[in-house]
Amino acid sequence: MMISRNECIKCDEYCIGNQCPLKDIVVHYCDECTYRRADYIIDGIELCENCAEKFLNEEFNDLSVEEKADSLGFRVETF
């Protein structure tokens, strides 16, 4: 989730108003928890570290042992 915020630091006598680079700062927040800043974009979803880890763990747990090993570059043999 992308939000534009005013990060004004009240420069007072040196204020340049709407030309200030701190006036409209774009901040990306996690689409899942909505209160942490987003660190990653996974499949178009902006996620913080915690939510990204949770998302990837859930996806990874749905894979078979062979698929997990293959995604990590391990060779697996069955009996």
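**Notebook: a first look around the model**

I started with a pair of charged side chains: Glu7 and Arg5 meet in a salt bridge, 2.7 Å from N to O. For this I call it a salt bridge when a side-chain nitrogen of Lys or Arg lies within 4 Å of a carboxyl oxygen of Asp or Glu. Side chains of opposite charge can pair when their charged atoms come close.

A note on what I am reading: this is a predicted model, where local features need pLDDT of at least 70, side-chain atom pairs count only at pLDDT 80 or more, and totals for chains, interfaces and linings use all residues. Residues are numbered from 1 along each chain as its sequence is written, and side-chain values use heavy atoms, with hydrogens and water left out.

Glu7 is partly exposed at 27% relative accessible area, and Arg5 is partly exposed at 29%. My cut-offs: buried is under 20%, exposed is over 50%, and partly exposed is in between (1.4 Å probe, protein chains only).

How many salt bridges are there by this rule? I get two. Arg75 and Glu77 form one of them, at 1.9 Å from N to O, and both of these residues are exposed.

**Overall layout**

I listed two helices and four strands, taking them as DSSP runs numbered from the N terminus (helices H or I, at least four residues; strands E, at least two). Along the sequence the pattern reads β-β-β-β-α-α. The radius of gyration is 21 Å, well over the 12 Å that the globule rule gives for 79 residues, so the protein is more spread out than a compact globule. That radius is taken over C-alpha atoms, and the rule is 2.2 Å times the number of residues to the power 0.38. The C-alpha trace spans about 75 × 20 × 15 Å along its principal axes. Of the 79 residues, 14% count as buried.

**Inside**

Which residues make the largest nonpolar core? I found seven: Cys30, Cys33, Ile42, Leu47, Cys48, Cys51 and Ala52. Such a core is a set of buried Ala, Val, Leu, Ile, Met, Phe, Trp, Tyr and Cys residues joined through side-chain atoms within 4.5 Å. Leaving aside neighbours within four places in sequence, Cys51 is in contact (heavy atoms within 4.5 Å) with Cys30, Glu32 and Cys33.

I also looked up Asn50, which sits in helix α1 (residues 49-61). Asn50 is partly exposed at 43% relative accessibility. Its C-alpha is 9.2 Å from that of Cys33, 17 residues away in sequence.
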